[in-house]
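Student: Could we take a close look at one part of this model together? I would like to understand its charged side chains.

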Amino acid sequence: MTETFDIARATLLEPGGLATADLERVLDRLMSSRLDAADVYCESTRLESWVLEDGIIREGAFSIEQGAGLRAMAGEKTGFAFTDELQLPALFEAADAARTIARAGQERSVALRPAVAATALYATASPLLSLDEAAKVDLLRRVDAEARAQDARVRQVIVSLVAAHDVMLVAASDGTLAADVRPLVRLNVNVIVEAGERREQGSSGGGARSALAFLVDEDRALGYAREAVRQALVNLEAIDAPAGSMPVVLGPGWPGVLLHEAVGHGLEGDFNRKGTSAFAGRIGQAVASPLCTVVDDGTLPGRRGSLSVDDEGTPSQCTVLIENGVLKGYMQDKMNARLMGAAPTGNGRRESYAHLPMPRMTNTYMLAGPHQPEEIIASVDRGLYAVNFGGGQVDITSGKFVFSASEAYLIEGGRLGPPVKGATLIGNGPEVLTRVSMVGNDLRLDAGVGSCGKEGQTVPVGVGQPTLRVDELTVGGTHA
Amino acid sequence: MPDAAERLARLEQVVDDLLAEARRQGADAAEAGVSSDQGLSVTVRLGEVETVEHTRDNGLGITVYFGRRKGSASTSDLSPGAVRDTVRAACNIARYTSEDPCTGLADADLMARVLPDLDLHHPWTLSAGEAVDVARACEDAARGRDPRITNSEGATLDTHQGVFVYGNSHGFLAGYPTSRHSLSCAVIGEDEAGMQRDYWYATARAAQDLDSPEAVGRRAAERTVARLGARRLGTRKAPVLFRAEVAASLMRSLVGAVRGPALYRRASFLLDAQGQSLFPAFVRIHEDPLKPRGLSSSPFDDEGVATRPRDLVRDGVLQGYVLDSYAARRLGTATTGNAGGVRNLTVDSGPLDFPGLLREMGTGLVVTELMGQGVNLVTGDYSRGAAGFWVENGELAYPVEEITVAGNLRDMFRGLAAVGCDADAPGSFRTGSWLVESMTIAGE
């Protein structure tokens, strides 16, 4: 942690002549209004991206975003201002704008404690520098060649590589001083295949809070290429998807987006404090079948959704959301925890210094159960087996959620039938997990490509689950 | 705050510096964009201030070309040091990208020469306190509209103004100031069946063009209350009326499938569709990038190419694609001045208002909300979550939810039976409601 803090200080404070004592002065200035809490969040993000298309390296881009966001909180009120200058006059100016939500009060003196010592879940080195440019470009070319070598029907391959290095430091009026240095890499492959008049796509990818070597190791990136082609070829054979309510078996891993949409968002503290979530006031009640235990775990080393500390300096943790079907807890940031008389859970996250933090998921998944995946499929007479999904969406108030299958098969008489075209599945969050009648013993987490949007802010997240049987879910195909 | 002319001059200088630095570092050609924006966003919830956010966003981006290789870089820092470092980063990237015969600036003779004033800059100088008053009036109107409104996500007033400048090594250098103001409100209603939420909003270049706070609030409340007691539907095929506020998403699907990258990647169900009848003959879809006060108006596109009005669809026939110069070269045709996207798209209104469309439909589904991303532009396959109303004998019968609507976009476009004259949703895509002959509805 000391190394992390030293990197953050050298990146964020020293170039503008700032020291932690200056952050105390800025917090004093904020707290001279009648506030309950205030914080200063300094951040610098370096991001590099490369795109291969048509067999050539078509685009490359580099960006640096840096600045500080200042937040003032009084009761349920929040004042916020940010600056892209990490210098004292700009910080004072932003502090004065943010604190106008409250009347002037007494002089206060904030003393920061030594930096939070959290378990480091990833290396601090910049992933942008973890491979040289020639090796990055070579990786893209090898992925392209691998995809094209799979099948002559591959017409187009697009490969994108993104590496980001995010350095943050947060100081708060409760004395919190914390820093984090977060690597994030991701590689995506999208292919178009053609056979006669028919054209389909397939995509795959993966990533981690890690160096770019993660993508090279174990031939992961080449595996994404093979997987994208496999999916596209399956879709070439797909028939119209069924329409109506039926049993649905969800495969392990990425289909955990079900949990993210159906229950995850509804268990974020802000919606429950405001009483706008369909899960509000339901702690202690059964909201799922007894087979279901769902956690949000920010502590998994190197995972895309993991954080050593959250964006308010709270160490991340594994929070039990649903235990054996009973609703246990919400995900909290500091403000909502304070207003609800609960403890922060390390879920205070923000897209950047220019955005306000709020309760957000990290890695959300369901623990393994007792069933063999094969027996789950065999238990269904007529239904759908869905193994890959695009994105999802939820209305947390009505509880209605959707997620869109990109690879699915009919189940007929307990056996897998033909693949079906992509279809949206729709359900009701507070009901869907009560209909889970079988949980597989094959828990898997996703490959590391998830992004979650809330109130216009995007953050990286993870999902996971074992194979699940949902007794009834509405499948939005065209074949009525 | 310096006035717009002064800020414009300052940003033009930054673009000039970027282009000069690119030349100094050996680039054969370059293009750069710089923006500076400031704003205020205030949310009132249950009558009390919830957030007051002051925003100040700066950004600069440069693309350099070495022969037919390119590299790009951007930053939020507009200082001279950042200009030098950003150009260096872009030049370094360009050492590793490939020769691409189609890459490069748009052709010099396409650069906009006249820059009409499109009346896009109407800053709203209101204090945080005044903004709170507007948002509170909006939320009060929503909460007071119906006793079944029991909770609120609040009302937000958002006002932004900024300056944007673009230049390239053809000698093109131009920019303009813009403003944008939005007012939105989301409220929650409750009855014995549970809670429902809905929202409404207004957005405009000038504050006086916004709907009144009371009108926005009332509409949000009416939409929420109308959803109370929603039921599911049995699975069936039926006509579907996409209400104006969701019909715009069908225009986006059309645009997505005729954009350059979708075409040259062969990732579109509308490959080679130029000249084809995609819609019935009554359909005309018009793009007007020069519309005064238009939400996405601009006298030049993101490459400096002069923009001009055109029909994207006329007599039901697709007239052209949505291309920048790179896509145009890939496809062996000319840019349509759409670098950065489509600007202000309008579908011609038909004769029927909303009640008239309901009568025309007879029995079927009105969709007022779509959920999820179930649109496959490679195949046109369409499957999305929906909420709205079941219609019997030309009248709204009851609200419905937790259903999907599915079909194929080609069939939906071809089966467009009517476009209404009820275009009342804000945004740069304007259309009345779309009546689609038949889709699959999945439910119970």
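Student: Is Arg198(A) buried, partly exposed or exposed, and what is its relative accessible area?

Tutor: Happy to look with you, and keep in mind that this is a predicted model. Arg198(A) is partly exposed, with a relative accessible area of 28%. Its side chain meets that of Glu200(A) in a salt bridge, at 3.5 Å from N to O. Glu200(A) has a relative accessibility of 5%, so this residue counts as buried, the cut-off being under 20%. As background, side chains of opposite charge can pair when their charged atoms come close.

Now compare another pair in chain A. Glu76(A) forms a salt bridge with Arg273(A), and the closest N and O atoms are 3.0 Å apart. This pair links distant parts of the chain: Glu76(A) lies in the loop between strands S2 and S3, Arg273(A) lies in helix H8, and 197 residues separate them. Glu76(A) is partly exposed at 40%, while Arg273(A), at 19% relative accessibility, counts as buried.

The side chains of Asp85(B) and Arg88(B) meet in a salt bridge of 3.4 Å, N to O. These residues are three apart in helix H2 (residues 80–94) of chain B, so about one helical turn separates them. Asp85(B) is partly exposed at 42% relative accessibility, and Arg88(B) is partly exposed at 45%. Elsewhere in chain B, salt bridges that share partners join several residues into one network, among them Asp198(B), Arg219(B) and Glu369(B).

Stepping back, a search of the whole structure finds 63 salt bridges over all chains.

Key: Residues numbered from 1 in each chain as written. Chains lettered and ligands numbered in written order. Predicted model: local features only at pLDDT ≥ 70, side-chain atom pairs only at ≥ 80, totals over all residues. Heavy atoms only, no water. Salt bridge = Lys/Arg side-chain N within 4 Å of Asp/Glu carboxyl O. Helix = DSSP H or I, 4+ residues; strand = E, 2+ residues; numbered from the N terminus. Buried < 20%, exposed > 50% of the residue type's maximum accessible area, 1.4 Å probe, protein only.
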